[in-house]
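The points below are grouped by topic.

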Amino acid sequence: MTEKENDLEMTRRVTDEDYVIKRIEELCEQKHWSRYRLAKASGIPHSTIFNMMNRTNTPTISTLIKICNGFGITLSQFFADDESVTLTQQQKLLLRLWGTLENEERIRCEAYIRGVAGERGTEIETSISDSKHSESKK
C-alpha cells in the first residue's frame with residue numbers, strides 16, 4: 001500500500017463512526033474490560049460510554065483521546081492497522097529495561113507478568129522459555 005493509499009485509509013477510519021465504536025469494543029474485549037472499567041480508566045462518565053457504545057452519540061476527538069489514554073495507547077495506535085506497531089513511552093521504557101536483563105531474569109519476569117495477567121495472559125502462546133528451548137535444539 002502506498003503512503004497516499006495509507007493516508008486515505010486512515011482518513012476513512014477516522015470519519016467512520018462504526019469503525020470507531022467497533023475498535024473501542026475490540027480493545028475492551030482484548031483487555032477483558034467492561035464498559036464500567038473503560039469509564040473508570042478513561043475518566044469518562046459511565047453514562048457517556050454507555051450512550052456512545054449504543055451508537056446514540058459519536059465520541060468527540062477529546063473523548064476519544066481520553067479513551068486512548070485509558071487504554072494506554074495513542075490515537076495513532078487506535079487507528080493503525082495490525083501491520084504497524086507504535087509503542088507508548090511506557091512500552092519503550094519497558095523494552096529498554098527488558099534489554100538489560102539476562103535470559104534467566106527474562107524468564108522470571110515473563111512468569112511474573114503472566115501471573116499478574118492471569119487469564120488475560122493465556123491467549124499469548126509465545127514465551128521466552130519456549131523460544132530458548134527451540135534455540136537449544138538447533
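A residue is termed exposed when its relative accessible area is over 50%, and buried when that area is under 20%. In this predicted model, Ile 61 and Asn 69 of helix H5 are exposed.

**Helix H5**
- Helix H5 spans residues 61–71, and its buried residues are Thr 63, Leu 64, Ile 67, Cys 68, Gly 70 and Phe 71.
- Viewed along the axis of H5, these buried residues fall within an arc of 155°, so they line one face of the helix.
- The exposed residues Ile 61 and Asn 69 are on the other side of H5.
- Gly 72 follows H5 and has a positive phi, near 80°.

**Nonpolar core**
- The largest nonpolar core has 20 residues, of which Ile 24, Leu 38, Ile 49, Met 52, Ile 67, Phe 71 and Phe 78 touch the most other members.
- At least two residues of this core come from each of H2 (17–31), H3 (35–42), H4 (46–53), H5 and H6 (75–79).
- The most is given by H2, with 6 residues.
- Beyond its neighbours within four places in sequence, Leu 38 contacts Ile 24, Cys 28, Trp 33, Ile 49, Ile 67 and Phe 71.

**Salt bridges**
- The model contains 2 salt bridges.
- Arg 23 pairs with Glu 26, with the closest N and O atoms 2.5 Å apart.
- Arg 23 is buried at 11% relative accessible area, whereas Glu 26 is partly exposed at 37%.
- Glu 110 and Arg 114 form a salt bridge at 3.0 Å, N to O.
- Both residues lie in helix H8 (residues 103–117), 4 residues apart.
- Glu 110 is buried at 12% relative accessibility, while Arg 114 is partly exposed at 29%.

Key
Residues are numbered from 1 along each chain as its sequence is written. This is a predicted model: local features need pLDDT of at least 70, side-chain atom pairs count only at pLDDT 80 or more; totals for chains, interfaces and linings use all residues. Side-chain values use heavy atoms; hydrogens and water are left out. Buried means under 20% relative accessible area, exposed over 50%, partly exposed in between (1.4 Å probe, protein chains only). The arc is that of the directions from the helix axis to the C-beta atoms. A nonpolar core is a set of buried Ala, Val, Leu, Ile, Met, Phe, Trp, Tyr and Cys residues joined through side-chain atoms within 4.5 Å. Contact means heavy atoms within 4.5 Å. A salt bridge is a side-chain nitrogen of Lys or Arg within 4 Å of a carboxyl oxygen of Asp or Glu.
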